[in-house]
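Below is a short note to read alongside the model. The points are numbered so that each can be checked against the coordinates.

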Amino acid sequence: MDLTLSPADEEFRAEARAWLAAHVPAAPLPSLETADGFAAHRAWEAELAADRWSVVSWPREYGGRDAGLVRWLLFEEEYWAAGAPARVGQNGVGLLAPTLLHHGTAEQRARVLPPMASGEEVWAQAWSEPEAGSDLASLTSRAERAPGGWRLTGHKTWSSRAAFADRAFGLFRSRPDAPRRHEGLTYLMFDLRAPGVTVRPIDRLDGRPAFAELFLDGVFVPDADVIGAPGEGWRIAMSTTGDERGLTLRSPGRYLAAADRLRALWRERGSPAWARRRVADAVMGARAYQLFTYASASRPLECSPPGPESSLNKVFWSEYDIALHETALDLLGADGEAADGDWAEGWVFSLAGPIYAGTNEIQRDIVAERLLGLPRGRR
Amino acid sequence: MRFALDTEQRAFAASLHAMLTAADTPSVIRDWARGDPARGRALWGRIGAAGVFALAVDEKYGGAGPRPVDLAVAFVELGRHAVPGPLVETVAAAVLLAGPALAERFLPSIAAGHTLATVADRERGPEGSPGAGRALDGEVAGVRLVRAADGLWLAPGHGPVRRSLDPARRLTELSPGGELLTRDPPKDALGWARLATAAQALGVGLALLDRTVDHVRRRTQFGVPVGSFQAVKHRLADARIALEFARPLVFGAAVTMDPADVAAAKVTACEAAYRTAVTALHLHGAIGYTAEYDLSLWLGKARALRTAWGTPEECRDAVLDGDAGRP
């Protein structure tokens, strides 16, 4: 058991800290769920990418630094401690990129990853459908064979970032007669501005178009944009959702920074006794998540998440995030309801955590059945 | 950076687990609770021979320490098997007695597992405040220490035994006076005691979870195992999540021994174990509510450990005073 960093890791951390200190915008950018904010965040991604800070864990050839998991965690700690902006490219970087690195072709990686790293192409996910949420395998959007590719038809929804994004990825039913519904699904990438795509933004609770419905009417996708073999989509997507729930979606750095901000707010407000317990819990929870993640990063690759262990993680951070923001808003007193307050958008964002990336009920089922060995039952 | 137990540490845990499984701790605990410590003392000797107490004692005095990570590994197993006796107190005593003048006299016997020690910590609360001056298992301990504002005392005796909500814990007042051992004992005994308590609580919680998972897999109602119901599964999933996030705090605290980290480990592990106990009781139904059923031996301990060596709120205060995890 050793928590000391190597001199090389310390050097990496110092380099990241210095770069961030010199580059992080002094004033916060507008919300990334607005047209202006999206553009500003895209420009920030380009600035990060110019010095190889946008995707540090990726191979160098795609714009990364070949940083191992520990260095990625250190970068994230520095990033959020510096008060740097939210990451507009996260859906692509956290979900699609790991999928391409595991299951994509060299051509796909070379074509898709560099513009993703620079923010030139921002990706949205297209998983859910009106009748396929937690029960994702019941999806009905179709991919039908066409010369040189596929035609997509159907209705996707709750597609985060799609209001302003460039491209999307998701699962489509390519073989409706497959004996089991998990079979016959294909993982595809498509252009949100292609003929046949209609994007209808959906306003989130705070009125900002954080997601969208996608109507697809015979949208052509070339074979080159199928990931893995046709019909293998479910297996491939599950490895992606493992990543989403695992380390790459919510780094501990973000909660360490948020807990620090919360503690500072509490002190500013005169350290009220009624909030003491909740602030301490936020500080401890961030530390627990940091150490939990260091432990995951220390495990040999073959036994690290994705997998059922990432479900522990997802329930933890999503519930933690809500509790932290609730405490912050309570500390603000009557100002807590102001929609333009420092913590307001974070609170709205936190409320979605237990719902997306597999609801926390699904995660608890996974923990109970796959980690504790309890029998499957009705959902 | 390698935040994982090594092969030797995992083997150490496995060998303690095997030894304690074979020892049939529930019947040892019941003897102990009745005031018959013979089998408990014999088990103590085996735990000492396995090198557990030596981990808190310097090599100069027959120990192998200080090795807080290995100690945490051991205490998880001691908690998992609900081993009775002043385990944490003996560790605290070993730290309090570590000064050169006293170490020679006391530590070799503690390290070897020949001496059970207990501690009344009067420093942590004002004289006369609840629990101040009370020590665990004072009637079986060979060394009874009182940590007072004016120094460390060797108590001449103990008062009557008061029962605890954990049947295995026998509470005793230590008599005033006795021998003043030192005016200035080492300051870090509280940290070691909290770390050991946190690890022990984690083990208690893991055992409660395992036993309950076994129960709900076997118990059928409406023609199916009750463990197939989501209402049951989700409570157990929450227990697992709480314990899995307490574990890295316990081992992180063992690595840094930072007071804020240790306090965070203590409160988080004890609360996770206690919530697991509440869940375990509920999911066992009425059988879990009986003294006869062995689950009770773990339930009471989860409650007792929560306030041993620092209440949850005292520990939270220590967390807010520190800056753990900051680069």
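**Notes on a predicted two-chain model**

1. K301(B) and D166(B) form a salt bridge, with 2.7 Å between the closest N and O atoms. The model is a predicted one, and the values in this note are to be read with that in mind. Between domain 1 of chain B and domain 2 of chain B the count is two salt bridges. Six residue pairs are in polar contact across the interface of domain 1 of chain B and domain 2 of chain B, both residues of each pair being at pLDDT 80 or more.

2. Where do the domain bounds of chain B fall? The domain assignment places domain 1 at 7-182 and domain 2 at 189-321. The centres of domain 1 of chain B and domain 2 of chain B, taken over C-alpha atoms, are separated by 21 Å. In their contact, domain 1 of chain B supplies 35 residues and domain 2 of chain B supplies 37 residues. About 2,800 Å² is buried between domain 1 of chain B and domain 2 of chain B, with 71% of that area on carbon and sulfur atoms.

3. Which elements of domain 1 of chain B give two or more residues to the side that touches domain 2 of chain B? They are α2 (25-33), α4 (68-80), α5 (87-96) and β1 (117-121) of chain B. The most comes from α4(B), which gives nine residues to this side of domain 1 of chain B. By class, the side of domain 1 of chain B that touches domain 2 of chain B has 24 nonpolar, eight charged and three polar residues.

4. One peptide bond in chain B deserves a check. The bond from G65(B) to P66(B) is cis, with omega near 5°. P66(B) is located in the loop between α3 (38-49) and α4 of chain B. For context, most peptide bonds are trans.

5. R52(A) is not a glycine, yet has a positive phi of about 60°. R52(A) sits in the loop between α2 (35-50) and α3 (69-81) of chain A. Most residues other than glycine have a negative phi.

6. The record annotations can be set beside the computed secondary structure. In UniProt, an unreviewed entry annotates residues 7-113 of chain B as "domain: Acyl-CoA dehydrogenase/oxidase N-terminal". That span of chain B, residues 7-113, is 68% helix and 0% strand, and its end C-alpha atoms lie 25 Å apart. For chain A, the UniProt annotation "domain: Acyl-CoA dehydrogenase/oxidase N-terminal" (unreviewed entry) covers residues 7-120. Residues 7-120 of chain A are 64% helix and 0% strand, with 35 Å between the end C-alpha atoms.

7. Chain A has a further annotated span. UniProt places "domain: Acyl-CoA oxidase/dehydrogenase middle" (unreviewed entry) at residues 124-217 of chain A. Over residues 124-217 of chain A the content is 0% helix and 50% strand, and the end C-alpha atoms are 18 Å apart.

8. Over all chains the structure holds 49 salt bridges. Among them is the pair R42(A) and D166(A), whose closest N and O atoms are 2.9 Å apart. R42(A) lies in helix α2 of chain A and D166(A) in the loop between β3 (149-160) and β4 (167-173) of chain A, so this pair ties together parts 124 residues apart in sequence.

9. How many residues of each chain take part in the contact between chain B and chain A? Chain B contributes 46 residues and chain A contributes 49 residues. The area buried between chain B and chain A is about 4,300 Å², and carbon and sulfur atoms give 65% of it. On the chain B side, M1(B), F245(B) and L320(B) lose the most area to chain A, together 21% of what that side buries.

10. In one salt bridge, the side chains of R287(A) and D261(B) meet at 2.7 Å, N to O. The count between chain B and chain A is 15 residue pairs in polar contact, both residues at pLDDT 80 or more.

11. The elements giving two or more residues to the side of chain B that touches chain A are α7 (189-218), α8 (230-256), α9 (259-284) and α11 (312-321) of chain B. α8(B) gives the most to this side of chain B, with 16 residues. The residues of the side of chain B that touches chain A divide into 23 nonpolar, 13 charged and 10 polar.

Conventions:
Residues are numbered from 1 along each chain as its sequence is written. Chains are lettered from A and ligands numbered from 1 in the order in which they are written. This is a predicted model: local features need pLDDT of at least 70, side-chain atom pairs count only at pLDDT 80 or more; totals for chains, interfaces and linings use all residues. Side-chain values use heavy atoms; hydrogens and water are left out. UniProt positions are given in the numbering used here, feature names are shortened, and annotations may be inferred rather than shown by experiment. Helices (H or I, at least four residues) and strands (E, at least two) are DSSP runs, numbered from the N terminus. Domain bounds come from an automatic or database domain assignment. Contact means heavy atoms within 4.5 Å. Buried area is the accessible area (1.4 Å probe) that two parts lose on being put together, summed over both. A salt bridge is a side-chain nitrogen of Lys or Arg within 4 Å of a carboxyl oxygen of Asp or Glu. A polar contact is a pair of N or O atoms within 3.5 Å; within protein, one must be able to donate a hydrogen and the other to accept it, and residues adjacent in sequence count only if both atoms are side-chain atoms. Ala, Val, Leu, Ile, Met, Phe, Trp, Tyr, Cys and Pro count as nonpolar, Asp, Glu, Lys and Arg as charged, and the others, Gly among them, as polar.
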